[in-house]
Amino acid sequence: MSAAVELVDRPVRVALVGAPNAGKTTLFNALTGSSARVGNYPGVTVERREGTLRHSPRPVRVLDLPGTYSVVGETLDEQIVEKVLAGRLAGESELDGIVAVLDATTLRRGLGLLRELLKTGRPIALVLTMIDEVRARGGKIEPARLSALLGIPVLGVVGHRGVGMDPLFRILQEPWRWSKPLALPPADDAVARFAWVDEVCRKIGAEQLEPDTRTDRIDRLLLDPLAGVAVFGLVMLLLFQSIFSWAVPAMNAIDAGFGELERASRAALPAGWLTDLWTDGVLAGVGSVLVFLPQIAILFTFIHLLQDVGYMARAAFVVDRVMGWVGLQGRSFVPLLSCYACAVPGIMATRTIQSPRERLATILVAPFMTCSARLPVYTLLIAAFVPHRALLGVVGLQGLVLFALYLLGAATALGSAALLGSTLLKGKPSVFYMELPPYRWPTVRLLARQVWHSARAFLKRAGTIILATSVVLWALLSFPRSAPDPARTPAENARASLEASVAAHVGHALEPAIAPLGFDWKIGVGLVASLAAREVIVATLAQTYAVASKDDFAGLRDALRSDVNPATGKPEFGLPAALALCVFFVFALQCTSTMVVMARETGTWRWPALAFGYMLALAWTASFVTYQLTSRLAG
Amino acid sequence: MQAAAADATAPGDGEVPLLALAVGARARIAEPRPGLPIPQRLADLGFVPGTELWIVRRAPFGDPLELELRGYRLCLRAEQVESLRVIPGAAR
């Protein structure tokens, strides 16, 4: 022991290891506060969390390893844990100590993991969480007895209430002072391990706890075949409603605020391309990043609340069968539902899916769900070209088309999940196992911190790239610049400058590729611009048609309707092309933000590149079929 | 309640597949048959011979199952536990 008591000037490194739901993350947050950094292990979807121990004069880095039931690598998470513990993962330095985090109410399972950890030969301390629940359920827990039996330090805590944390803060600073484990009989397989566990539990008197009657009672209702499904439906409806409508006022305020800021900047600064860069590039870009925040905040408040209370696992339990039909898991449901608002928070929400294969499949199909950015595009095109007429006297044709577009998106998402499962992500489906934790009261402080972490992660990881692409796209749409002609209206000048831009050239160059879909170069420019965000095509079309403002909905609708091809004298745009364009938007991954978040969440640009490719191919084909079919039917 | 792996039960004697167990009925995990070991993943979760368990409920759509063993509850899809065999009846 004494050999290690040198004055180390490098930070002490300890890792938390424990099963999912053992309270490891709560403990980690309590230990590290706001210093936590969340990233990915290189090239994989496994989240890496590290922070600095609070209240410690000596720098102590705390690594929160992925939740795991075993440290023999079967799943990706476990392989990471196994390698980190063995000091074999590139980029991870040696650990000075391992902190096993076990839920004190499930010792007869949890000690099996401790037995595996004792084999590593590194200094180990054991932290028992949720000791309050053991007492509430008529059990007793005596860390000192367990410590005497095992030889290692054992502490009992209630992480979210801060109970028993002081000694933990102290011992984490000096792992080399931890007492060494007593010699144990070999236990090479699970049978031997659990025989040991049962013996330990008998010796310390960890008797069977009384059932958690509160949880039992709630579960009888919430997991009832009828009531359970009804409650599930209601909770999901509420979640859907909240991200769809409650976020809108805040999003509008952010939009209006930045609009005001742009106007004020224009008024204050001299006209010129630098001012344009500031207002249309930078300000618009920052606005387009911040506008995601309300939805992210609301969605993650919901998700973390459901998670902390214990309902999230129940929801997954209820819907797992249905998601299993397309090769996904119950936990894929909430992220996919969230994608109706926006794929960015939806893809971030896939972190609740523990198995990497199902998580990746969910991420890859998420952009097919009809996000709210597609709605302005659909609304414009449907209003302009689908007759305002009722079918069978009751169902509005326009509404029906809109509904069909939503349905097409969802069906494609689920179909592609099934297809991915049997092709690209083929292989043994991940073993699905999940605990239903006891229902617990959430704490506001923890909830607020979790939501803040999600929002900050989005701003830091995705915000900067989204901002950069927004500036690049602005440049494509604004250069080369043409001098404004005072004889023309500002709207006409805006059109002239767009027509001269690089984006217009790209639009013209795209024409051969998109003509079979019924699109001309103007739509081509719109498609280029919509790479920033889908709804941008509306503003770009407004500019192309020299409509004074993108908010002049009727003006733009009429301009689209009355656009005539100068060569043929026929209408440029009709119902077939409008439908084809809608279908294109159902499928195409026209959203840089989504791709950036995909890359961040999967740890590589390979997946977003692949998704962009197959979604574009699908979009082109489907639009082609739609245009050719409908123009023949109409003609 | 302690795992009694030494129970000299001959394979097949009174055993039934776990999935044949009624909801709420207790049973103990049987010794695996030769050539049909308990999957490693399940063993890590505490599914070792002699461990008592019971099916708490089935999900509203019939699958997955919620099981209780070793003082905790776990959800598993039926296909994952279909190889498990149990001896009905409480350990005590």
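Two strands pair if DSSP finds at least two bridges between them. The model shown in these views is predicted.

**View 1. Strands β4 and β5 of chain B form an antiparallel pair.**
β4(B) and β5(B) are joined by 5 bridges. Glu66(B) has Cys75(B) in β5(B) as its bridge partner. β4 spans residues 65–69 and β5 spans residues 72–76 of chain B, and the loop between them holds Gly71(B).

**View 2. An open sheet of 7 strands contains strands of chain A and chain B.**
The strand order is β10(A)-β5(B)-β4(B)-β3(B)-β2(B)-β6(B)-β1(B), and the pairing is antiparallel. β10 of chain A and β1 (16–17) of chain B each have a single partner strand, so one side of each is left without a neighbour in the sheet. These two strands stand at the edges. Between β10 (residues 433–434) of chain A and β5(B) there are 2 bridges, and the two strands run antiparallel. Met434(A) is the residue opposite Cys75(B) at this pairing. Cys75(B) is also the bridge partner of Glu66(B).

**View 3. Chain B meets chain A through 29 residues of chain B and 30 residues of chain A.**
On the side of chain B that touches chain A, α1 (40–44) and β5 of chain B are the elements that give two or more residues. β5(B) gives the most, with 5 residues. By residue class, this side of chain B has 15 nonpolar, 6 polar and 8 charged residues.

**View 4. Gly71(B) lies in the loop between β4 and β5 of chain B.**
Gly71(B) counts as buried because 21 other C-beta atoms lie within 10 Å, the cut-off being 20 or more. Leaving out residues up to four places away in sequence, Gly71(B) touches Thr106(A), Arg108(A), Gln208(A) and Leu209(A). Ala59(B) is 12 residues from Gly71(B) in sequence, and their C-alpha atoms are 20 Å apart.

**View 5. Chain B has 2 helices and 6 strands.**
Along the sequence these elements follow the pattern β-β-α-β-β-β-α-β. Chain B has 92 residues, and 45% of them count as buried. Among contacts in chain B with a separation of 6 or more, 58% are between residues 24 or more positions apart.

**View 6. Helix α5 of chain A covers residues 143–150 and has buried residues.**
Pro143(A), Leu146(A) and Leu150(A) are buried in this helix. Seen down the axis of α5(A), the buried residues fall within an arc of 65°, so they line one face of the helix. They pack against β6 (124–129), β7 (154–156) and α7 (190–204) of chain A. Gly151(A) follows α5(A) and has a positive phi, near 95°.

**View 7. Val127(A) belongs to the largest nonpolar core, which has 201 residues.**
Ala100(A) and Val127(A) touch the most other members of this core. Helix α24 (residues 575–587) of chain A supplies the largest share of the core, 11 residues. Apart from neighbours within four places in sequence, the contacts of Val127(A) are Leu27(A), Val99(A), Ala100(A), Val101(A), Leu155(A), Val157(A) and Leu168(A).

**View 8. Chain A is assigned domain 1 (2–209), domain 2 (211–369) and domain 3 (463–634).**
The C-alpha centres of domain 1 and domain 3 of chain A are 54 Å apart.

Terms used: Residues are numbered from 1 along each chain as its sequence is written. Chains are lettered from A and ligands numbered from 1 in the order in which they are written. This is a predicted model: local features need pLDDT of at least 70, side-chain atom pairs count only at pLDDT 80 or more; totals for chains, interfaces and linings use all residues. A nonpolar core is a set of buried Ala, Val, Leu, Ile, Met, Phe, Trp, Tyr and Cys residues joined through C-beta atoms within 7 Å. A residue is buried if 20 or more other C-beta atoms lie within 10 Å of its own, exposed if 12 or fewer, and partly exposed in between; C-beta atoms are placed from the backbone. Helices (H or I, at least four residues) and strands (E, at least two) are DSSP runs, numbered from the N terminus. Two residues are in contact if their C-beta atoms, placed from the backbone, lie within 7 Å. Domain bounds come from an automatic or database domain assignment. The arc is that of the directions from the helix axis to the C-beta atoms. Ala, Val, Leu, Ile, Met, Phe, Trp, Tyr, Cys and Pro count as nonpolar, Asp, Glu, Lys and Arg as charged, and the others, Gly among them, as polar.
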